[in-house]
Amino acid sequence: MFHIGCHLSPSAGWLAMGQTAKSINASTFQFFTRNPRGSKAKAIDPDDAAALVAFLQENRFGAVVAHAPYTINPCSKDERTREFALQTMADDLLRMEHLPGNYYNFHPGSHTGLGTEAGIALIAQTLNTILQPQQRTVVLLETMAGKGTEVGGRFEELRAILDRVELLGHMGVCLDTCHVSDAGYDIVNDLDGVLTEFDRIIGLDKLKAIHINDSLNPLGAKKDRHAKIGEGFLGVEAFQRIINHPALKDLPFVLETPNELDGYAREIELLRQLREA
Ligand code: FE
Ligand code: FE
Ligand code: ZN
């Protein structure tokens, strides 16, 4: 099954996201668990959550992806910032239990001067505090562009985090095509080589979702500016190879391109046309 979707707003409720996704021929989607600036989350409506669970099953959706606020930073040099990230993530994981069997993706963080090693240790420490043996959500580390002091631009850094996590079975990785290209991984000319390296360092069994974005900047730019599919340095042919690659084709693909709903609908249509049977 080809599960393609886009980032959607939860402002009209959780079931509404499923209905919106279906209306643009998507069969997965991503949403922020709360305001992306990380303010207090709206209370969960258990009936709305249950209605979405039923909807996803009836419509044979793939796994959906909740995205942590991108402003939280579990490896900041500021202790209160780290504590806020921990509380936010712990609360998000409780909320995700209303949507069992899906993904919770987060940006590993920026070490803000502490150094990559220290950042890795802090991220793992946060995960070891919040992960619960009985949880039904898989937490995903997102591959990052490596801008500023970001941790997670190298596969080795994600591996080092995973190596320190006790409940490794609750962990996975989400590969963002814009980010890995910006980080210097040439998925346009050497997709097989990049995936071989991912497999050697992290393990393809840990790869759970793809953020499918073009990049406004060339290979290795470390900028993290998303472009619409085909309007950046990656190009349509690269995406055709990505969505049809045997190691990737069964994963959920989520668009985070600069679009409104009609633009997402067109991108989904394009990618469905490029998908081989
Ligand atoms: Fe992200
Ligand atoms: Fe992303
Ligand atoms: Zn990005």
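## Ground rules and Arg34

Helices here are DSSP runs of H or I with at least four residues and strands are E runs of at least two, numbered from the N terminus. This is a predicted model, so local features need pLDDT of at least 70 and side-chain atom pairs count only at pLDDT 80 or more, while totals for chains, interfaces and linings use all residues. Residues are numbered from 1 along each chain as written, chains are lettered from A and ligands numbered from 1 in written order, and side-chain values use heavy atoms, without hydrogens or water.

Let's start with arginine 34, in the loop that runs between strand S2 (28-32) and helix H2 (46-58). Arginine 34 counts as buried because its relative accessibility is 9% (buried is under 20%, exposed over 50%, partly exposed in between, with a 1.4 Å probe and protein chains only). Its side chain reaches the side chain of aspartate 91 in a polar contact of 2.8 Å (N or O atoms within 3.5 Å, one able to donate a hydrogen and the other to accept it).

## The barrel

Eight strands make a closed barrel with parallel pairing, in the order S1-S2-S3-S4-S5-S6-S7-S10 (strands pair if DSSP finds at least two bridges between them). Zoom in on strand S3 (residues 65-67) and strand S4 (residues 103-106), and you'll find 3 bridges in the parallel sense. Within that pair, valine 65 sits opposite tyrosine 103 in S4.

Aspartate 176 and glutamate 256 are both buried.

The other iron ion (ligand 1) is 3.2 Å from the iron ion (ligand 2), and glutamate 142 coordinates both.

## The zinc

The zinc ion (ligand 3) has His179 (NE2), Asp224 (OD) and His226 (NE2) as protein donors, 1.9 to 2.3 Å away. Their sequence spacing reads H-x44-D-x1-H. Aspartate 224 is buried at 16% relative accessibility, whereas histidine 226 is partly exposed at 22%. From the zinc ion (ligand 3) to the iron ion (ligand 1) is 5.3 Å.

## Helix H8

Helix H8 (residues 236-244) has Ala238, Phe239, Ile242, Ile243 and Asn244 as its buried residues.

Methods:
Donors = N, O, S within 2.8 Å, 3.2 Å for Na, K, Ca; no water.
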